[in-house]
Amino acid sequence: MPEPLLSVRDFSVVYDVDPPVEAVKNVTLELQRGEILGLAGESGCGKTTLAYGVQRLLRVPAVITSGSVTFHDSSGTAIDVNSLGAEEMRRFRWNKVSMVFQGAMNALNPVTTIGAQLDDVFLVHRPELSRRERRSACEELLEIVAVGRDRTRSYPHELSGGMRQRVMIAMALALRPQLMVMDEPTTALDVLVQREILRKISQLRHEFGFSVIFITHDLPLLLEISDRIAVMRDGTIIELASAREIWERPQHEYTKTLLASFPRLTGERGVLVR
Ligand SMILES: Nc1ncnc2c1ncn2[C@@H]1O[C@H](COP(=O)(O)OP(=O)(O)O)[C@@H](O)[C@H]1O
Ligand SMILES: [Mg+2]
């Protein structure tokens, strides 16, 4: 029996502007432990709002107008994400769920080394670690994402876009969360670099057993990494099926359009990395 990690029930978000924007409408979905769930859909369909919503990252004017989000912790506790207090929320993020934000690789601090920025995560969340322990944890992380442990002293501008994105993944991985949410993590990168990063995420998922919600407007890319794919349109999930089902038997015309909209480098769209 697959074990759920995250249950989203009847979840709705409205941006309280004039006129109000119903960005997420009655979304229900269950993410399994260890699963990579792809979330696809055109720009503006509500992907980021949904991803923020399940981690309580939404800010005004966003209002959650219905639904619940339950995180089934590895300890056996069911956490009602919407009812967490501020301090519990702080621990929940990074420790249980971490996020690679859209455009994150450009959000690294340009005047601080990669090592110092990784070190900050441990300083804040693992204050019990010694300086030396933190240092070796940072080096280990950079090795895991194939940036290399000798890169701690590099500044962001000394790394390629793909390398910077790996650093962001290392950061998200730092506290060994059970869920990583990645919002368009490879969008700005060229196709070959994208594929290398997908392979890495796939491999790390097997190694560490975390689940991934992988968001992109590029549906064919999701075929390569996802176990299941949710297709979102205008705030709702119109189709949710295994990557194979989506590839072989897409149910909606809209899904077919999305599948056709991105030519792959190789010409064959459904090459599975796994
Ligand atoms: N802060 C905001 N205020 C008002 N509307 C917003 C805000 N953020 C997003 N939206 C609207 O909500 C809808 C969903 O946006 P978003 O979740 O960013 O979509 P996606 O990530 O799929 O591109 C869009 O119509 C967008 O314009
Ligand atoms: Mg977005």
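1. Buried means under 20% relative accessible area, exposed over 50%, and partly exposed in between, with a 1.4 Å probe and protein chains only. Thr48, at 26% relative accessibility, therefore counts as partly exposed. Gln102 is also partly exposed, because its relative accessible area is 46%.

2. A word on conventions. This is a predicted model, where local features need pLDDT of at least 70, side-chain atom pairs count only at pLDDT 80 or more, and totals for chains, interfaces and linings use all residues. Residues are numbered from 1 along each chain as its sequence is written, chains are lettered from A and ligands numbered from 1 in the order written, and side-chain values use heavy atoms, without hydrogens and water.

3. Which residues hold the magnesium ion (ligand 2)? Thr48 (OG1) and Gln102 (OE1) coordinate the ion at 2.1 to 2.6 Å. Donors are N, O and S atoms within 2.8 Å of the metal (3.2 Å for Na, K and Ca); water is not among the atoms, so sites may look incomplete. Thr48 lies in helix α1 (residues 47-53) and Gln102 in the loop between β6 (97-100) and α3 (114-125), so the pair ties together parts 54 residues apart in sequence. Helices (H or I, at least four residues) and strands (E, at least two) are DSSP runs, numbered from the N terminus.

4. Thr48 also meets ligand 1: one of its polar side-chain atoms lies 2.8 Å from a ligand oxygen atom. A backbone N or O atom of Gly44 lies 2.6 Å from an oxygen atom of ligand 1. For Gly46, the corresponding backbone distance is 3.1 Å.

Terms used. A polar contact is a pair of N or O atoms within 3.5 Å; within protein, one must be able to donate a hydrogen and the other to accept it, and residues adjacent in sequence count only if both atoms are side-chain atoms.
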